[in-house]
Amino acid sequence: MGDWITVEGDAALGEGQVLAADLDGVPVLLVRHQGCVYAMENRCTHDGSEMDGGHVDEAGAFVCPHHGARFALKDGEALCAPAYEPLTMFPVQVEAGCIQLKDERW
Ligand code: FES
């Protein structure tokens with residue numbers, strides 16, 4: 001099980017923002033929505049593209065900028081076509097002003 005890794009300062013991610021970061025070589029996107037921070041692998045399950053430029057819609061789903069697939073922030077579930085598989089999500093903690101993630105896949 002991985003250790004917590006600092007990927008960004010908490011102050012760098014404002015409400016509603018999406019920020020690219022690196023989790024020990026894995027590209028991730030950080031999202032702050034309604035005060036909570038979420039972290040997802042920056043790879044759309046539709047065609048594997050990075051999703052820089054994506055945004056959170058009014059319903060609180062992350063929208064891929066390429067073909068409009070929507071994903072739930074809480075668990076990465078694909079909510080509409082053209083994506084059908086969930087995003088990989090990472091546990092998040094905010095500690096001493098730092099956003100920390102853990103990759104529990106290995
Ligand atoms: S690459 Fe994300 S919806 Fe197509």
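## Methionine 40 and its contacts

Methionine 40 touches Val28, Leu29, Phe62, Gly76, Leu87, Thr88 and Met89, leaving aside residues up to four places away in sequence. The model described here is predicted.

## Nonpolar core

Met40 is also among the residues that touch the most other members of the largest nonpolar core, together with Val28, Leu29, Val31, Ala39 and Phe62. This core has 25 residues. Strand 3 gives the largest share, four residues.

In soluble globular proteins, nonpolar side chains tend to be buried together. Over the chain, buried residues make up 28% of the 106 residues.

An open sheet is formed by four strands in the order 2-3-4-8, with antiparallel pairing. Strand 2 (18-23) and strand 8 (89-90) each have a single partner strand and stand at the edges, so one side of each has no neighbour in the sheet.

Strand 3 (residues 26-33) and strand 4 (residues 36-41) run antiparallel and are joined by six bridges. Within this pairing, arginine 32 stands opposite valine 37 of strand 4.

## Overall fold

The chain has ten strands and zero helices. Its radius of gyration is 13 Å, close to the 13 Å given by the globule rule for 106 residues, so the chain is as compact as a globular protein of that length. The C-alpha trace spans about 40 × 30 × 20 Å along its principal axes.

Of the contacts with a separation of 6 or more, 40% are between residues 24 or more positions apart.

Methods:
Residues numbered from 1 in each chain as written. Predicted model: local features only at pLDDT ≥ 70, side-chain atom pairs only at ≥ 80, totals over all residues. Pairing = 2+ DSSP bridges. Helix = DSSP H or I, 4+ residues; strand = E, 2+ residues; numbered from the N terminus. Core = buried A, V, L, I, M, F, W, Y, C linked by C-beta atoms within 7 Å. Buried ≥ 20, exposed ≤ 12 C-beta atoms within 10 Å, placed from the backbone. Contact = placed C-beta atoms within 7 Å. Rg over C-alpha atoms; globule rule 2.2 N^0.38 Å.
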